Amino acid sequence: MRELAIEIGVRALLFGVFVFTEFLDPFQRVIQPEEIWLYKNPLVQSDNIPTRLMFLPFLALASRRSTWLASCTASLRAGGGRAGGSVPPSCPYTAP
């Protein structure tokens with residue numbers, strides 16, 4: 001019960017900090033003269049961002065999961081969900 005009270009207190013405190021900072025004046029950043037060179041980089045017209053490589057891990061995981069679910073579904077349809085059938089233990093839905 002004490003942990004719940006602490007959790008509620010911390011959440012209320014964080015919400016209060018959020019509401020307080022939400023209504024403050026916006027922060028205006030002042031760029032110092034010695035860091036102006038950071039913002040003067042030339043614009044590159046031929047910017048090549050390899051999006052295929054960016055989504056490759058996601059696609060690999062998604063295809064592995066669909067293959068896994070297909071094998072579970074196939075074993076259930078073949079009678080694996082009944083008594084005496086063989087369903088891989090990692091399949092989520094082994095009940096008929």
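Of the 96 residues of the protein, 7% count as buried. Buried stands for under 20% relative accessible area, exposed for over 50%, and partly exposed for the range in between, with a 1.4 Å probe and protein chains only. The model is predicted: local features need pLDDT of at least 70, side-chain atom pairs count only at pLDDT 80 or more, and totals for chains, interfaces and linings use all residues. Residues are numbered from 1 along each chain as its sequence is written, and side-chain values use heavy atoms, with hydrogens and water left out.

The protein has two helices and zero strands. Both kinds of element are DSSP runs numbered from the N terminus (helices: H or I, at least four residues; strands: E, at least two). Helix α1 covers residues 2-22. Helix α2 covers residues 51-80. The accessible surface of the protein amounts to about 9,300 Å². Carbon and sulfur atoms account for 66% of that surface. Accessible areas were computed by the Shrake-Rupley method with a 1.4 Å probe; for residues, only the protein chains shown count as cover.

Two salt bridges are present in the structure. The term requires a side-chain nitrogen of Lys or Arg within 4 Å of a carboxyl oxygen of Asp or Glu. E7, at 39%, is partly exposed.

Another salt bridge links E35 and R29, with 3.0 Å from N to O. E35 is located in the loop between α1 and α2. Its relative accessible area is 19%, so E35 is buried. R29 reaches 48% relative accessibility and is partly exposed. With neighbours within four places in sequence set aside, E35 is in contact with R29 and V30. Contact here means heavy atoms within 4.5 Å.

The loop between α1 and α2 also holds I36. This residue contributes to a nonpolar surface patch of about 530 Å², made by I31, I36, W37, L38 and Y39. I36 has a relative accessible area of 34% and is thus partly exposed. Patches comprise residues with over 30% relative accessible area and no salt bridge; like charges are joined within 9 Å, and nonpolar side chains (Val, Leu, Ile, Met, Phe, Trp, Tyr) within 5 Å.

A search of the whole structure returned one aromatic pair. The rings of F15 and F18 have centres 6.4 Å apart and planes at 40°, so the pair is tilted. Rings of Phe, Tyr and Trp (its six-membered ring) pair if their centres lie within 6.5 Å; planes under 30 degrees apart are stacked, those over 60 are edge-to-face, and the rest are tilted. F15 and F18 are three residues apart in helix α1, and are therefore separated by about one helical turn. F15 is exposed, at 53% relative accessibility. F18 is partly exposed, at 45%.
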